Amino acid sequence: MLDLLRLLSFGPDGWGDEILAGALMTIELALASLPAGIAIGLAVALAKDSPFFLLRAAGNLFTTVFRGLPELLTLFIVYYGGQMLLTRLAGYVVEGATIEVNQFVAGVVALSLVLGAFSSEVLLAAIRAVPRGQKEAASALGLSKFRIFRFVTFPQLWRVALPGLSNNWMVLLKDTSLVSVIAITDLMRQTAIAVGVTKQPFFFYLVACLIYLVFSGLSSVVFTRLEARASRGFKRMGGH
Amino acid sequence: MQAFLDLVGAGFLSLMGFIGLNSELMGRYGLRFLDGVWVTLQLVILSVGLGALLAWPLAIARIEGGKLLAGASFGYSYFFRGTPLLAQTFLIYYGAGQFREALTEVGLWWFFRDAFNCAVLTFTLNTAAYQSEILRGAIQSLPVGQMEGAQALGLTRVLAYRKVIVPQAFAIGLRPLGNELILMIKSSAIASVITVYDLMGVTRLAFSRSYDMEVYLWAAALYLIMVEIVRRVWDVLERRLNRHLLVSR
């Protein structure tokens, strides 16, 4: 048992520092995908709520595709497909040029596409939860469409959307583990390297699982506080 | 029969070539892709079915069990819902390899030696956790009067569950259970990472040999078709099982 714990020590004999670096990379991936994913989700939600048929259809198609595909497949399509597409584009400018897509960027793009598809549904529901009368009143006060969204709808979205978005964040956090397949040195990848050297798969994968559990535990604490803050103007069911 | 199938295959390939796909490549790998779809279906059906068997006791333990049982059920679903499926798969597949001798001794090594079995086991444990949460929510959303009424009629608690609570909870949980089935179809792609040749595994193999991006598009189309079929079937199922709740249209 003590031998196993020694494997987790920091420094040249232990894998503690490597695994910690991987855990940080996991957090970076998730935090980098979050704003991009929410931005995509908001744009797609607005498209699905728009009066124009083509925009609505495009929004629905985006959601169907990226919610229906396995995350692993999305990742491969973005990584290999992006590489080939960019190389072809570069070929037009400079003969025979090749472009390497950075794995981190490919991972973030794939994760934010998936997060965008899922959060667009949450945000659409939140947009529709704002009573129509408020928009009509704002319009009667002479606010432009953009200002109605910016000052009336948008600030109220978060209260309704936060529980759904917190679910999406938890899913995102776990999906980051998939990027280890395209050789990003995240928590999963570093663990696999440690396993390859020490031949202790059960112990190290268990440690990795526990680290993911800590992350989701911490996230739920943060989201509980955010939700309390977002709904501070409202009485809750069963509250007082 | 064979001649007929060949004709259908050739017709399909020329149609695919006509809409601009690589029909030569599809001729070489097409049947393998169908095999991959079959493996994916086996993975999903086995694990979701077995997971459902495990989910009911977990959900009921959470509600009826004492502190110990309810706590154990909570811990189980907290672990399996809070960690990535990829990590769980590695934990079981590679972890079992570490305990090879002990497993051989108890006569279980033949099971863990096969990556497919490990994938089914992991997915079963994982989906059981998610399904048990769905069922628990469904059971708890029933009015408490249902149980009281059943007991007032002289039904034992077990019988009340079987005749009154479970059927209603199942109807309420049907839609989220369908979502879980769709999630499982998507997650089953993870099996390809531990050398199972499911649809994703076949796709990766075909890509590594041909370097043609098109194979990923075939896989995407096949996955979307599977998900769409489940969605449609579930709409019909839901309308049938919950037809007493529907407002007449």
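**Notebook: chains A and B**

I began at the salt bridge between K186(B) and E71(A), whose closest N and O atoms are 3.4 Å apart. I noted at once that the model is predicted. A separation of 3.4 Å passes because the rule asks for a nitrogen of Lys or Arg within 4 Å of a carboxyl oxygen of Asp or Glu. Side chains of opposite charge can pair when their charged atoms come close.

**Entry: the interface**

I asked how many salt bridges the rule finds across the interface of chain B and chain A. The count there is 1. I then looked up polar contacts. Across this interface, 7 residue pairs are in polar contact, both residues at pLDDT 80 or more.

The size of an interface is often given as the accessible area lost when the parts come together.

**Entry: salt bridges in general**

I widened the search to all chains. The rule gives 11 salt bridges in total. One of them joins the side chains of K48(A) and E121(A), at 2.6 Å from N to O. I traced both ends of this pair. K48(A) sits in helix α2 (residues 16-48) of chain A, and E121(A) sits in helix α5 (residues 103-129) of chain A. The two residues are 73 residues apart, so the pair links distant parts of the chain.

**Entry: annotated domains**

I turned to the UniProt record. It places "domain: ABC transmembrane type-1" at residues 37-234 of chain B, in an unreviewed entry. I found that this span of chain B is 85% helix and 0% strand. Its end C-alpha atoms lie 20 Å apart.

For chain A, UniProt lists "domain: ABC transmembrane type-1" at residues 23-223, also from an unreviewed entry. Residues 23-223 of chain A are 83% helix and 0% strand, with end C-alpha atoms 20 Å apart.

**Entry: confidence in chain B**

I closed with pLDDT. Chain B has a mean of 90, and 98% of its residues reach 70 or more. Where in chain B is confidence lowest, and where is it highest? Helix α1 (residues 2-18) of chain B is lowest, at a mean of 81. Helix α7 (residues 115-140) of chain B is highest, at 95.

Note on methods
Residues are numbered from 1 along each chain as its sequence is written. Chains are lettered from A and ligands numbered from 1 in the order in which they are written. Side-chain values use heavy atoms; hydrogens and water are left out. UniProt positions are given in the numbering used here, feature names are shortened, and annotations may be inferred rather than shown by experiment. Helices (H or I, at least four residues) and strands (E, at least two) are DSSP runs, numbered from the N terminus. A polar contact is a pair of N or O atoms within 3.5 Å; within protein, one must be able to donate a hydrogen and the other to accept it, and residues adjacent in sequence count only if both atoms are side-chain atoms. pLDDT is the predictor's confidence in each residue, from 0 to 100.
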